[in-house]
Amino acid sequence: MTARYDLAVVGAGIVGLAHALAASRRGLRVAVIDRDSRANGASIRNFGFITVTGQSAQTWARAFVTRRIWEELAPQAGIPIVHRNECVIVHSPEALAVLEEFVATHMGAGCELLAAREAVKRVPMARPKSVSGALWSPHELRVEPRTAIPALAAYLEKRWNVTFQRKAAVRAVSATVVETTNETFHAERVVVAPGPDLVTLFPEVHAQHGVRLCKLQMLRLAPQPPSWRLPASIMSDFALVRYKGFSAQPAAAALRKHLEKAEPWIFEYGIHLIVVQSEDGSLVIGDSHDYGATPDPFYSHEIEEAILQLAHGVLDIPNREVMERWIGIYPQSEQCEWFVVAPDTQTRIVQVTTGNGMSTAFGLAEEVIAELCGDATFAGSSKPEL
Ligand SMILES: Cc1cc2nc3c(=O)[nH]c(=O)nc-3n(C[C@H](O)[C@H](O)[C@H](O)COP(=O)(O)OP(=O)(O)OC[C@H]3O[C@@H](n4cnc5c(N)ncnc54)[C@H](O)[C@@H]3O)c2cc1C
């Protein structure tokens, strides 16, 4: 006899798991299906940085909801919050001008603009010489993704009786029928959250939204001395031309010009500095951005050098030994930051098409499940104008 579910979710990355959580909390009986035997995608390869400040105006409120849900969930699911806050340390008057404009917007609520001296006091490992100032945001959290994602799946299984079917590739979804390489699932509703697989299910939808893949390069430096603890996730000037909440400020155009001239290779590799710290004191540092239908799978030494040069220019890092190197891939579009498409009344295809799924998935899933359950109309199923 085939089991019947209220919701079947294709994909056990953060987007799929977020929908399983939102549906379970509403009392729905949920099955999650994934082709891999364990988490292996972008959701465990990222920084685990739940970022609110800097998100675009369209996703900022959703990131707040997501942050709140991570905070509620973390103690229940045994997921440690590794650190909090975000500090964007800047090194030019052009970058400071962007921060000044940003804090004056509604998205600057709760954030502080720090003078250079105060910035170095808050982040004592910042290299003081060239600091112009900083933005301090109290809204952020960091989890360790490689343990947090499995812990979230285990919590869904134990607390909410979610069924996980792993090692099963979904071949077709048609209304309430989900055909996998193992068995066929029947569900009242289906959410398809396939991450970077743009061809197996609904390829035309991905094509219509201009989705391609983005390859990122990441590394981990060995544990730092116990007294060296980051008080926040650290970003630098480059965040202000990449994160849309910052880059939408009028002063960002002059900053971009300045950075393109001063450090053209950083632009060439699409590098944007993030440094976060893990419980063992090690540092996760990245990242670069390379776009294409099928980016090459290779790790570049040159890009690593450029990322490290940037990191060591911003922070005085005592232990420089590289312990791990990896790449990650997420779906990306220049047309939209996310999309939700309904190929029929019971199915939703959900994609986060900019690199912020850890920061937005819980909020997005609340909206999608409310709409699927008939409790709301979902405004986000159209493409947001960027
Ligand atoms: C290096 C890197 C750093 C990042 N840093 C951050 C960060 O700090 N903060 C942040 O907010 N975001 C960050 N992101 C972005 C974030 O990781 C992604 O937006 C998010 O993980 C996407 O989640 P997902 O569930 O869509 O995809 P994935 O995690 O890739 O999961 C998709 C799942 O679907 C399964 N699947 C696909 N097709 C099928 C099928 N037909 N049948 C069965 N299973 C299928 C796959 O096996 C996979 O498990 C980063 C991304 C990368 C790569």
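**Side-chain contacts**

A: Both Tyr 5 and Phe 185 are buried, a word used here for a relative accessible area under 20%, while over 50% is exposed and anything in between is partly exposed (1.4 Å probe, protein chains only). This is a predicted model, in which local features need pLDDT of at least 70 and side-chain atom pairs count only at pLDDT 80 or more, whereas totals for chains, interfaces and linings use all residues. Residues are numbered from 1 along each chain as its sequence is written, and side-chain values use heavy atoms, with hydrogens and water left out.

Rings of Phe, Tyr and Trp (its six-membered ring) are paired if their centres lie within 6.5 Å, and planes under 30 degrees apart count as stacked, over 60 as edge-to-face and the rest as tilted. The count by this rule is 5 aromatic pairs. Among them is the tilted pair of Tyr 5 and Phe 185, with 5.9 Å from centre to centre and 35° between the planes. This pair links distant parts of the chain, 180 residues apart, since Tyr 5 belongs to strand E1 (residues 4-10) and Phe 185 to strand E10 (residues 184-192); helices (H or I, at least four residues) and strands (E, at least two) are DSSP runs, numbered from the N terminus.

Turning to charges, a salt bridge is a side-chain nitrogen of Lys or Arg within 4 Å of a carboxyl oxygen of Asp or Glu, and the count by this rule is 20. One of these joins Arg 220 to Glu 144, at 3.2 Å from N to O. Arg 220 lies in strand E11 (residues 212-221) and Glu 144 in the loop between strand E6 (133-142) and helix H6 (145-160), so this bridge ties together parts that are 76 residues apart in sequence. Arg 220 and Glu 144 are both buried, and they belong to a network of salt bridges that also links Arg 142, Arg 146 and Glu 324.

Lys 215 meets Asp 296 in another salt bridge, with 2.9 Å between the closest N and O atoms. Because Lys 215 is in strand E11 and Asp 296 is in the loop between strand E15 (290-292) and helix H12 (301-314), the pair ties together parts that are 81 residues apart in sequence. Lys 215 counts as buried at 7% relative accessibility, whereas Asp 296, at 37%, counts as partly exposed.
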